[in-house]
Amino acid sequence: MSKTIHDEIKIEIPDLLPVLPLKEVVMFPGMVFPLLVGKEPSLRAIEEALMAEKVIFLSAQKAQDIEEPTRNDIYRLGVISRILQVIKLPNSYFKMLIEGLLPGRIKRFTPKKEYFEARIEPIIDADINNPTIMATVRHVISIFKEYVRLNRNIPDELLLTLENFTQPRKIADFISSHLMINLEDKQKLLESRSIGQHLLKLAQILENEKEILEIERNIEKKVRHRIQKSQRNYYLQEQIRVLREELGDESEPDSDILELRNKIESVKMPPAVLEKAVEELNRLDKMPMMSPEATVIRNYLDWLIAVPWHEETTDTLDIHRAKQILDEDHYGLVKTKDRILEYLAVLQLVKKMKGPILCFVGPPGTGKTSLGKSIARAMGRNFIRVSLGGIRDEAEIRGHRRTYIGSMPGRIIQSMKRAKTVNPVFLLDEIDKMSMDFRGDPAAALLEVLDPEQNATFNDHYLEIDYDLSKVFFITTANVPDAIPEPLLDRMEIIHLPGYMEFEKLEIARGFLIPRQLQLHGLDAKRLQISDEIILTSIRQYTREAGVRNLERKIAAICRKVARQIVTDGVQQPIHITRENLETYLGIPYHAEKSIRNKELVGTATGLAWTRFGGDILEIQVTIMPGKGNLTMTGNLGDVMKESAMAALSYARTNTQNLNIPAEFYQNHDIHIHVPEGAIPKDGPSAGVTIAAALISALCGVPVKQDVAMTGEITLRGNVLAIGGLNEKMMAAQRIGIVAVLIPKENEKDYYDLPKELRNGIQVHLIEKLEEIFDYAFAMEPKAKAVNQ
């Protein structure tokens with residue numbers, strides 16, 4: 001069934017029409033548009049339309065990225081259109097010319113699956129020609145003319161076509177179809193079937209688009225003006241250059257070139273560097289200043305001028321003044337300070353020597369970085385610091401070659417530019433934190449920098465000339481020397497900065513930390529008084545570290561709370577920090593303070609251990625029980641410590657007769673060796689003597705004095721070997737209240753190097769054989785001493 005819809009169209013439009021979804025196009029009545037169709041459902045819909053009245057319904061897709069749209073993906077309001085021409089292309093595609101007739105609305109789809117078919121309801125609008133509509137039409141046409149004038153993508157011929165329309169609806173549809181706006185806005189215009197609303201929306205969109213186009217036109221003018229000015233300058237400079245070539249050397253040089261030449265002459269570069277600089281300057285003089293290559297050369301010359309070549313500070317060689325400065329900034333560190341003073345003394349005698357390369361190795365917070373600043377201040381040199389933590393690119397050290405965009409020198413040359421002298425104190429911080437990847441190994445690049453025999457001719461990839469680093473005083477810092485590559489480690493003089501002793505922390509807090517924090521918090525010694533007892537309590541119970549950073553944080557915490565107390569409560573009298581109110585300021589102690597709970601125990605011995613936070617005591621417990629000769633070791637022990645326990649057991653089995661132990665004891669008994677605080681990993685050979693003492697005590701039933709501590713590695717023959725970390729271990733013994741310490745005879749030299757504060761108050765016994773512990777550590781001797789094997 002079909003019917004004639006419109007007198008002007010003169011076409012019978014069927015009730016059911018094939019539906020063709022459109023991508024990136026919204027069809028309007030009166031619009032003639034070419035379409036290229038290739039999908040199977042669309043081809044079937046076109047074939048169906050050609051078999052009828054060549055009438056088809058066109059509607060836009062809601063989402064443009066859908067390749068296979070469903071019924072829900074198509075707008076319900078579209079345009080009933082007529083196929084004017086169809087051309088079949090060789091690739092099975094159809095090229096059509098379609099004319100929009102009038103709007104329509106999909107009432108419902110038919111169940112056909114081959115293509116979309118729907119019952120269409122035509123929408124017939126009556127033109128209204130009242131004065132308001134006509135005024136709006138004229139306003140829209142006026143704005144559209146401005147829009148066409150500003151938009152280069154719309155031809156001016158459209159305005160001639162627009163003059164042929166007189167009806168407001170056709171004018172609105174024509175203008176809407178030629179607007180370059182998004183599809184959603186176009187669809188809203190199509191769905192505005194009230195001519196008044198359609199024209200108002202159209203005017204609003206045109207005003208907005210016209211404003212955007214005017215902004216774009218202004219931006220374009222500014223850019224064009226700059227480009228024209230740049231091109232004009234380029235042409236003028238080229239003409240000047242050609243004229244200068246024709247006139248020879250008599251013409252005046254460019255002012256920038258003349259300025260660069262004067263700077264190069266004033267810097268007094270070495271001959272080889274001067275030759276390179278003049279060569280690059282002549283190249284720059286012969287090329288256009290606006291070319292990219294000219295910018296690269298200009299930057300290169302700026303670096304050559306900025307880097308110091310001869311400027312140096314005069315060293316302060318007064319040994320007494322240097323010592324005073326080092327002592328003002330740092331407490332202790334005697335060996336490190338002696339090494340610096342020795343360098344100054346030699347420099348005073350020989351007047352010239354290659355800069356040393358020192359490596360400060362120690363735990364965090366021990367003053368490695370700040371010591372470098374003090375050295376620079378003591379010598380009167382400039383100080384420069386470069387952090388190497390996380391560096392994994394060789395170019396960070398040697399720089400990038402000039403062929404790369406944005407290339408620049410490496411950190412060594414950049415830092416020398418900031419130092420402004422050829423003899424600064426150069427601190428390479430965290431040298432053990434470098435890594436490597438596919439871009440190279442920065443540690444390998446540092447080999448030349450930190451070698452006194454090579455760094456006089458250090459070659460940066462960017463400068464491409466030799467730079468003398470021999471006068472630089474290089475200092476590196478690291479926490480662990482094991483992470484530094486062996487060739488690099490071999491080029492440096494290692495100076496170990498051990499963790500501070502308890503009395504050293506006390507002096508540092510008293511002389512440095514407390515005054516600094518009082519000043520930072522607006523306090524003074526009259527308002528806040530912190531005694532030595534409180535400092536020691538903070539060290540023992542609130543911090544456990546090799547350095548003093550956490551200690552300073554605790555002092556700062558006390559100062560903050562006191563400052564708040566003064567401001568809030570208006571306290572005027574001095575505030576004393578005591579053991580009773582310390583928890584008010586710092587909270588509950590983090591670490592329990594260890595002490596000797598018993599005088600004598602069977603199967604328990606007191607050992608000494610080294611940790612990265614300092615020294616500590618180690619309690620070894622041994623128990624014997626009936627069994628089948630099993631040896632159990634608990635307490636999170638490492639392999640080396642387990643081997644020490646096995647060596648102690650072998651010693652006991654070898655000396656059963658002299659220790660009055662049944663020869664077959666290990667067959668009928670199980671032995672359990674335990675070290676408390678099982679969450680903490682423990683390892684190392686120095687607990688061998690302590691394990692042997694606890695084991696022999698448990699086997700013989702003889703108690704061990706708990707206020708006698710011991711340390712040392714043992715062999716199967718009962719020899720006691722040297723250990724490390726004696727400073728820290730003696731400090732732990734002193735803190736706990738140990739009255740006597742047994743150490744290996746081989747550590748006698750280390751004992752006499754200890755500070756007198758550590759040697760006072762503790763009896764130290766040097767032992768060579770394991771059986772000597774019976775004289776000092778056991779409450780009574782076993783019935784017979786062990787014999788040498």
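Guide: A residue counts as buried when its relative accessible area is under 20%. Keep in mind that this is a predicted model.

Visitor: Why is Val622 called buried?

Guide: Val622 has a relative accessible area of 8%. The cut-off is under 20%, so Val622 is buried.

Visitor: Where does Val622 lie, and what does Val622 touch?

Guide: Val622 is part of strand 20, residues 614-626. Leaving aside residues up to four places away in sequence, Val622 touches Gly603, Ile671, His672, Ile673, Ala694, Leu695 and Ala698.

Visitor: What makes Cys359 buried rather than exposed?

Guide: Cys359 has a relative accessible area of 0%.

Visitor: How many disulfides does the structure hold?

Guide: Zero, from a search of the whole structure. To count, a pair of cysteine sulfur atoms must be within 2.5 Å.

Visitor: Which residues touch the most other members of the largest nonpolar core?

Guide: Leu304 and Ile431, in a core of 53 residues. Helix 9, residues 292-306, gives the most to this core, with seven residues. As for Ile431, its contacts beyond four places in sequence include Leu388, Leu446, Leu450 and Met492. A second, separate core has 52 residues, among them Ile83, Ile195, Ala203 and Leu213.

Conventions. Residues are numbered from 1 along each chain as its sequence is written. This is a predicted model: local features need pLDDT of at least 70, side-chain atom pairs count only at pLDDT 80 or more; totals for chains, interfaces and linings use all residues. Side-chain values use heavy atoms; hydrogens and water are left out. Buried means under 20% relative accessible area, exposed over 50%, partly exposed in between (1.4 Å probe, protein chains only). A nonpolar core is a set of buried Ala, Val, Leu, Ile, Met, Phe, Trp, Tyr and Cys residues joined through side-chain atoms within 4.5 Å. Helices (H or I, at least four residues) and strands (E, at least two) are DSSP runs, numbered from the N terminus. Contact means heavy atoms within 4.5 Å.
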